[in-house]
Amino acid sequence: MKRFTALGAALCFATLLTSPLWAGGETAANPEARVYIVNLTDGAEVSSPVKVVFGLSGMGVAPAGTEKENTGHHHLLIDRPPLGQGEDGADELSYGIPADENHLHFGGGQTETTVELAPGAHTLQLVMGDLGHVPHSTPVVSDVITITVTD
């Protein structure tokens, strides 16, 4: 019995080592999909309100609630750790992206927004969500960029 328990524990450990540590919900995404911010770059200095244009390749945009293969809708994370990190990171990946001042939802299929940001440094990250606002099984996320609002 001890040998079986040790073997089981070893198999579980091996599975954890070979499984992706960063996984989202159950909806598949095109493995080549890429989301990005079109009009801003890391280190940009801007004025508020800030226009953010969303870019997407390898997938289509569909409103929340639409069940269609290789589609999703945008979420903009502002001034928070990258998706999956921080206090609520695991919940974001498994249960969905919350809606608050740090997590903006574009469930209507919007591909740009304008946001009011106070002067200072701010981080931005785009995340694709499935029909229920949950990141795809392999999350489709942009790089985190930092912008500085000058006035």
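**Figure 1. Fold of the protein chain in a predicted model.** Two helices and nine strands form the secondary structure. Along the sequence the order is α-β-β-β-β-β-α-β-β-β-β. Of contacts between residues at least 6 apart in sequence, 71% join residues at least 24 apart.

**Figure 2. Surface and burial of the protein chain.** The chain has 151 residues, and 36% of them are buried. It exposes about 8,600 Å². Carbon and sulfur atoms supply 55% of that area.

**Figure 3. The largest nonpolar core, with 24 residues.** Five members touch the most other members: Leu-40, Val-50, Val-52, Leu-124 and Ile-147. Five strands each supply at least two residues of this core: strand 1 (34–37), strand 3 (50–57), strand 5 (71–78), strand 8 (120–129) and strand 9 (145–149). Strand 3 gives the largest share, four residues.

**Figure 4. Surroundings of Leu-40.** Neighbours within four places in sequence are left aside. The contacts of Leu-40 are then Val-46, Val-50, Lys-51, Val-52, Leu-124 and Ile-145. Among these partners, Val-50, Val-52 and Leu-124 are also listed with Leu-40 as the core members that touch the most others.

**Figure 5. A second, separate core.** This core holds five residues. Among them are Leu-77, Leu-83, Leu-93 and Val-127. Leu-77 lies in strand 5 (71–78) and Val-127 in strand 8 (120–129).

Conventions. Residues numbered from 1 in each chain as written. Predicted model: local features only at pLDDT ≥ 70, side-chain atom pairs only at ≥ 80, totals over all residues. Heavy atoms only, no water. Buried < 20%, exposed > 50% of the residue type's maximum accessible area, 1.4 Å probe, protein only. Contact = heavy atoms within 4.5 Å. Areas by Shrake-Rupley, 256 points an atom, 1.4 Å probe, with all protein chains shown as cover. Core = buried A, V, L, I, M, F, W, Y, C linked by side-chain atoms within 4.5 Å.
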